[in-house]
Amino acid sequence: MQGKSIGWEDTIVALATPQGIGAIGVIRLSGRQAFDIINRLYPAKDLTQQASHTLHVGYLKENGKVLDEVVVSLFKGPRSYTGEDVVEVSGHGSPYVLQQIIQSCVNQGARLAKPGEFTQRAFLNGKLDLAQAEAVADLIASNTEASRKTALHNIRGGFSERLKSLRERLIMFSALIELELDFSQEDVEFADRTQLFDLLNEAQQTTQQLAASFQLGNVIKNGVSVAIIGKPNAGKSTLLNTLLNENRAIVSDIAGTTRDTIEEVLNIDGILFRLIDTAGIREHTHDVIESIGMEKALAKMQQADVVIYLFDVNEVAVQELQSIVNELNNKKLKYILAGNKSDMLPEAGLREKFSNIPGIIYISAKANQHTEVLKEKLVDLVLQGKVQTDDTIITNARHYHALQEVLQSLVDIRTGLENKIPGDLVALDIRRCLHYLGEITGEITTEDQLDYIFSKFCIGK
């Protein structure tokens, strides 16, 4: 548990539900004076004498003025979210009424909570470690089943447990090696080097697996950008509309209808795909607006995680398509070749025509044929069969960078042991490894680091 700075003795208050009009709104208080403050506003009974984890219905009043009829929930520390005395007031969802209640709590001695301060207190009071606390923010922000499962797994300590065992064993070896320094004249070894090498092998494997999961975690957390690229009138806007099942983009037989990029979000199997319909790419244009649209299309293609190259099977030549494939390969882009308007020709004939170019998905955006195959291909290309949200998946960039440092430290420890360097230098490398492991779970943090991390939370959490 971290040391507390000035301000942590205060009782804090904030709206815990989203801003705006709703049926109810929940106001949360936490701190030593939480029960006393709400009790002074609740004349029906003495709330300080009531049992923990109970609900009480009545009116809140200040100076004889009725504020609202509410439900008051009592949670006595340490059996609460923050580990402190916590009160939650459920009132009617008028922003004005809720603000009046918050102001009355402030008048009685509370102060307004900072972003993430409730969760920060839960961390400081040992209710959560830092990785679990950060997963709370991820869970609040989750907008797919995959991101929800990943965040919930980490809140339950899945990530932390994998690091805890490793850290404890490294601490044991570090202590034994440092003990050897006290007996350097006797030339004895307390730390079994063979066991240490075994631990290093296990630690490197675990850390590499966790670090490697970050790419997948980033996909689950932030989604995948997909640029739909192709010649004018290849059917890009029709495909976008078909995938979204709505008329989002203007569709016309006139080539070059799309002059700018259009972005929409599609959820496929729990992964968010940000679909970008771009202006058609052609070799020459004298239209200034169209030219700007083409430049944006090329830029989006370079920035996208995946490119769908859409072409009209009736018009493109095999040699031309091969040149495009070569260009996509040269740019090292992840791409899918989608042959559109395939309902106008027999599929067997199309496969024969493009037999030298593997991996083409033949679709009809207008007739909605084989678009489900395209969706499946998108998921397979991005996840490559690796998504197992019951496993530990890293979604936090801070954790990823710390794991990279852990890996480097493990390499240095191994190198030192193989070169038989003095024990004090090996111990130094182990301490560095322990430092970065501790940074992830919060055993080692500065107050500035904590303030930065929790400042990204919403107020009331």
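Author: Gladly! In this predicted model, helix 4 (residues 130-141) packs against helix 14 (residues 423-441) at an angle of about 40°, and their axes are 5 Å apart.

Reader: Which residues of helix 4 and helix 14 meet?

Author: Leu130, Ala131 and Glu134 of helix 4 meet Glu439, Ile440 and Thr441 of helix 14. Sorted by class, this contact has 3 nonpolar, 1 polar and 2 charged residues.

Reader: Thank you! What makes Asn63 exposed?

Author: The cut-off for exposed is over 50% relative accessible area. Asn63 has 80% relative accessibility, so Asn63 counts as exposed. You will find Asn63 in the loop between strand 3 (54-62) and strand 4. Its phi is near 55°, a positive value in a residue other than glycine.

Reader: And why does Lys341 count as partly exposed?

Author: Buried would require under 20%, and exposed over 50%. Lys341, at 23% relative accessibility, falls in between and therefore counts as partly exposed. Lys341 also has a positive phi, about 65°, although it is not a glycine. Its place is the loop between strand 11 (335-340) and helix 11 (347-353).

Reader: What makes helix 3 mostly covered?

Author: Helix 3 (residues 117-124) has 8 of its 8 residues buried, and buried stands for under 20% relative accessible area. Among the buried residues are Glu117 and Arg121, along with Phe118 and Leu124. After helix 3 comes Gly126, with a positive phi near 80°.

Reader: Where is the cis peptide bond, and what is its omega?

Author: The cis bond joins Gly77 and Pro78, with omega about 5°. Pro78 sits in the loop between strand 4 (65-75) and strand 5 (86-93).

Reader: Lastly, how much of the chain is buried, and how many helices and strands are there?

Author: Of the 461 residues in the chain, 48% are buried. The secondary structure consists of 15 helices and 12 strands. The accessible surface comes to about 23,100 Å², with 50% of that belonging to carbon and sulfur atoms. Among contacts with a separation of 6 or more, 66% are between residues 24 or more positions apart.

Notes. Residues numbered from 1 in each chain as written. Predicted model: local features only at pLDDT ≥ 70, side-chain atom pairs only at ≥ 80, totals over all residues. Heavy atoms only, no water. Helix = DSSP H or I, 4+ residues; strand = E, 2+ residues; numbered from the N terminus. Buried < 20%, exposed > 50% of the residue type's maximum accessible area, 1.4 Å probe, protein only. Contact = heavy atoms within 4.5 Å. Areas by Shrake-Rupley, 256 points an atom, 1.4 Å probe, with all protein chains shown as cover. Axes fitted to C-alpha atoms, helices over the stretch in contact; angles between N-to-C directions. Nonpolar A, V, L, I, M, F, W, Y, C, P; charged D, E, K, R; others polar.
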